[in-house]
Amino acid sequence: MRKSVLLFTLIVVFLVVGSFTDRYSDALSIEGTWELESFYNYDGENVLDTIEKSDGYRQVKMYSKEKIMWTRYVPEDPNGRFGYGSYKVSDGSLIEVIEYGDDEMMKALDTMRNFTFELILKKDSFSQITVDEEGNRTFSENYKRID
């Protein structure tokens, strides 16, 4: 009898712990690997048009717990592009702080290292939206999860 109660208790504990694990895994997270699907142009608030990426163009972002790395390939450009740094997601914003990258990125880093976007995050997609000084949406990159 005592063994049965102990076995029953262990089963209940495992089921309860398992239910918490399932809930946690359903939480939205930007961690993972993402590929650019399209761009949006905005009129300040609403999407004006969608621009699909051109043939052969590929841009991938990889987010770990605290770090980001992105790479871009454009068929017409023999030099690849990449950047590496840290990021933070907070209150509907994505803040990327790029530490180093390819030659063009390093030139750009002389003027700007912090990139702040409005973030719309879903389970398998996200949009990083650029806003102007007045808070109007201007442009976005739209990604799908690939890992």
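A pocket, on a 1 Å grid over the protein atoms alone, is an open set of points where a 1.4 Å probe fits, with protein on both sides within 12 Å along at least five of seven lines; its lining residues have an atom within 4 Å of a point. The legends below describe a predicted model, in which local features need pLDDT of at least 70, side-chain atom pairs count only at pLDDT 80 or more, and totals for chains, interfaces and linings use all residues. Residues are numbered from 1 along each chain as its sequence is written, and side-chain values use heavy atoms, with hydrogens and water left out.

**View 1. The largest pocket and its lining.** The volume of the largest pocket is about 220 Å³, where grid points are joined across faces, edges and corners and a volume is the space filled by probe spheres set on the points. Its lining comprises 13 residues, and Trp70, Glu96, Met105, Phe115 and Glu141 are those nearest the centre. At least two lining residues come from each of strand E3 (58-63), E4, E6, H2 and E7; helices (H or I, at least four residues) and strands (E, at least two) are DSSP runs, numbered from the N terminus. By class, the lining holds six nonpolar, two polar and five charged residues. Here Ala, Val, Leu, Ile, Met, Phe, Trp, Tyr, Cys and Pro count as nonpolar, Asp, Glu, Lys and Arg as charged, and the others, Gly among them, as polar.

**View 2. The protein chain as a whole.** Two helices and nine strands form the secondary structure of the protein chain, in the order α-β-β-β-β-β-β-α-β-β-β from the N terminus. Of its 147 residues, 27% are buried; buried means under 20% relative accessible area, exposed over 50%, and partly exposed in between (1.4 Å probe, protein chains only). The chain exposes about 10,100 Å², of which carbon and sulfur atoms supply 55%, as computed by the Shrake-Rupley method with a 1.4 Å probe. Among contacts with a separation of 6 or more, 41% join residues 24 or more positions apart, a contact being heavy atoms within 4.5 Å.

**View 3. The largest nonpolar core.** A nonpolar core is a set of buried Ala, Val, Leu, Ile, Met, Phe, Trp, Tyr and Cys residues joined through side-chain atoms within 4.5 Å. The largest one has 19 residues, and Ile30, Trp34, Tyr63, Leu94 and Phe126 touch the most other members. Two or more core residues come from each of strand E1 (32-44), strand E4 (67-73), strand E6 (93-101), helix H2 (103-109) and strand E7 (114-121). The greatest contribution is that of E7, with four residues. Beyond four places in sequence, the residues touched by Leu94 include Ile30, Tyr63, Phe115, Phe117, Leu119 and Phe126.

**View 4. Phe39 in strand E1.** Phe39 lies in strand E1 and counts as buried because its relative accessibility is 13%. Apart from residues up to four places away, Phe39 touches Asp49, Thr50, Ile51, Tyr57, Phe139, Ser140, Glu141 and Asn142.

**View 5. Ser86 in strand E5.** Ser86 belongs to strand E5 and, with a relative accessible area of 21%, is partly exposed. Lys65 is 21 residues from Ser86 in sequence, and their C-alpha atoms are 9.3 Å apart. Outside the four places on either side in sequence, Ser86 contacts Glu66, Lys67, Ile68, Ile95, Glu96, Val97 and Glu99.

View 6. The loop between strand E5 (81-90) and E6 contains Asp91. Most residues other than glycine have a negative phi. Asp91, which is not a glycine, has a positive phi of about 45°. At 79% relative accessibility, Asp91 is exposed.

View 7. Ala27 is in the loop between helix H1 (2-25) and E1, and is partly exposed at 45% relative accessibility. From C-alpha to C-alpha, Ala27 is 8.2 Å from Lys123, a residue 96 positions away in sequence.

**View 8. Ile146 in the segment after strand E9.** Ile146 follows strand E9 (137-145) and is partly exposed, with a relative accessible area of 38%. Ile146 and Leu36 are separated by 110 residues in sequence and by 10.0 Å between C-alpha atoms. Neighbours up to four places away excluded, Ile146 touches Thr33, Trp34, Glu35, Arg58 and Val60.
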